[in-house]
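Welcome! Here is a short tour for anyone meeting this structure for the first time. Take a look at the sequence and the model, then read on.

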Amino acid sequence: MRSLVSFMHVSLDGFVAGVNGEMNWIHVDEEIFEYAAQETSNADTALYGRKTFEMMNAYWPTAGGQPDASKHDIEHSNWYNCVTKVVVSKSLQGQDSEKIKIIGDPEEIYKLKQQNGKNILMFGSPTTAHALMQHNLIDDYWIFVNPVVLG
């Protein structure tokens, strides 16, 4: 069975985004990038909620090709473009393709975990994470606590 691994940045007071959804408070460095690269090499599927998918899909497909792209941008962009993206959403429509699958019911994740393949990584997506927790579908949690108070 494939593992579902959740990656989440949180503030010291437990927030995952600013009041208006901003994420500019998140601190990442080379150590976190290297760790993420190790984990993505063991995964062939990215799992997102709708909001996080829209944010990621607006950036990662072309991030590696930008003139100022960092090593991490290039590597993660390449990974993002190769893996299957699964989006848990009841409102997103018309985006299904070979590499993007929209599912409306978190319980469909159980079926996904039964399929052959590498790990499934979920980045952010706090609403989806909460729904999957209720069904006991997340196998590992990687919580990056940032030394910031947002509340």
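Five helices and six strands make up the chain. Please keep in mind that this is a predicted model. Reading from the N terminus, the order of elements is β-α-β-α-α-β-β-α-β-α-β. With a radius of gyration of 15 Å, close to the 15 Å that the globule rule gives for 151 residues, the chain is as compact as a globular protein of that length.

**Overall size and confidence**

- Taken along the principal axes, the box filled by the C-alpha atoms of the chain is roughly 35 × 35 × 30 Å.
- The chain has a mean pLDDT of 91, and 99% of its residues reach 70 or more.
- Among the elements, the highest mean pLDDT, 96, belongs to strand E2 (residues 43-49), and the lowest, 85, to H1.

**The largest pocket**

- How much space lies in the largest pocket? The answer is about 1,200 Å³.
- The lining of this pocket counts 39 residues, and the closest to the pocket's centre are Met23, Thr52, Met55, Met56 and Gly124.
- Two or more lining residues come from each of these elements: E1, helix H1 (30-41), helix H2 (50-63), helix H3 (71-82) and helix H5 (126-134).
- H2 gives the largest share of the lining, seven residues.
- Sorted by class, the lining holds 21 nonpolar, 14 polar and four charged residues.

**A closer look at His9**

- Where is His9 placed? You will find His9 in strand E1 (residues 4-11).
- The side chain of His9 makes a polar contact of 3.3 Å with the side chain of Asn146.
- Leaving aside residues up to four places away in sequence, His9 touches Phe15, Val16, Trp25, Ile26, His27, Val28, Phe144 and Asn146.

Definitions and conventions:
Residues are numbered from 1 along each chain as its sequence is written. This is a predicted model: local features need pLDDT of at least 70, side-chain atom pairs count only at pLDDT 80 or more; totals for chains, interfaces and linings use all residues. Side-chain values use heavy atoms; hydrogens and water are left out. Helices (H or I, at least four residues) and strands (E, at least two) are DSSP runs, numbered from the N terminus. A polar contact is a pair of N or O atoms within 3.5 Å; within protein, one must be able to donate a hydrogen and the other to accept it, and residues adjacent in sequence count only if both atoms are side-chain atoms. Contact means heavy atoms within 4.5 Å. On a 1 Å grid over the protein atoms alone, a cavity is a set of points where a 1.4 Å probe fits but cannot get out, and a pocket is an open set with protein on both sides within 12 Å along at least five of seven lines; lining residues have an atom within 4 Å of a point. Grid points are joined across faces, edges and corners, and a volume is the space filled by probe spheres set on the points. Ala, Val, Leu, Ile, Met, Phe, Trp, Tyr, Cys and Pro count as nonpolar, Asp, Glu, Lys and Arg as charged, and the others, Gly among them, as polar. pLDDT is the predictor's confidence in each residue, from 0 to 100. The radius of gyration is taken over C-alpha atoms; the globule rule is 2.2 Å times the number of residues to the power 0.38.
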